[in-house]
Amino acid sequence: EESVIACAAIKDKRELLEVLSKEAAKATGQDAKVVFDALNERESLGSTGLGNGLAIPHGKFAGLKSLMAVFARLDQPVDFDSVDDQPVDLVVMLLAPLGAGADHLKALALVARLLRTESTVEALRATNDPKKLYAILTARLPSQNAA
């Protein structure tokens, strides 16, 4: 729950990444600048803004013991250089240790699947309460049959 935040007064993408980095630093004991640099390095390759107001900034760095995530719901959407040029208000930041190739990809896929679920996105946008946001994020996804 402490990795779920409702953010007010975020002005831009850089400030958002800084806030997420500070939250991750608190949770992991890592340096916030190291976290920010990992996120920023990944963003320099291309925006992690998925469209529809969603973003999954992510990065890897040494010293992290396991995968971790921070979720942010923004009161006011910010420009994130998203593929659809729409501002972002729901953000899941993922961090992984340097050697976590497959686990990192599985986590990205899980988050993407969660954020593709329209009812989940609507529920996330309907509340600012971190406890409710956490409950929505950790609810089981409806099972999907393989095609």
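Me: Which residues in α5 do T120, A123 and L124 in α4 meet?
Reply: This is a predicted model: local features need pLDDT of at least 70, side-chain atom pairs count only at pLDDT 80 or more, and totals for chains, interfaces and linings use all residues. Residues are numbered from 1 along each chain as its sequence is written, and side-chain values use heavy atoms, without hydrogens or water. Helices (DSSP runs of H or I, at least four residues) and strands (E, at least two) are numbered from the N terminus. With contact meaning heavy atoms within 4.5 Å, the partners in α5 are L133, I136 and L137.

Me: Is α4 roughly parallel or antiparallel to α5?
Reply: Helix α4 (residues 118–125) and helix α5 (residues 130–138) have axes 9 Å apart and pack at an angle of about 170°. An angle over 145 degrees counts as roughly antiparallel, under 35 as roughly parallel, so α4 and α5 are roughly antiparallel.

Me: Which residues are exposed on the other side of α3?
Reply: In α3, H104, A107, L108, V111, L114 and L115 are buried (under 20% relative accessible area). These residues cover an arc of only 125° around the axis, so they sit on the same side of α3. They pack against β3, β4, β6, α4 and α5. On the other side, the exposed residues (over 50%) are L105 and K106.

Me: How far apart in space are N52 and D89, C-alpha to C-alpha?
Reply: Find N52 in the loop between β2 (49–51) and β3. Leaving aside residues up to four places away in sequence, N52 touches D84 and R125. N52 and D89 are 37 residues apart in sequence, and their C-alpha to C-alpha distance is 9.1 Å.

Terms used. Axes fitted to C-alpha atoms, helices over the stretch in contact; angles between N-to-C directions. Parallel < 35°, antiparallel > 145°, perpendicular 65-115°, else oblique. Buried < 20%, exposed > 50% of the residue type's maximum accessible area, 1.4 Å probe, protein only. Arc of directions from axis to C-beta.
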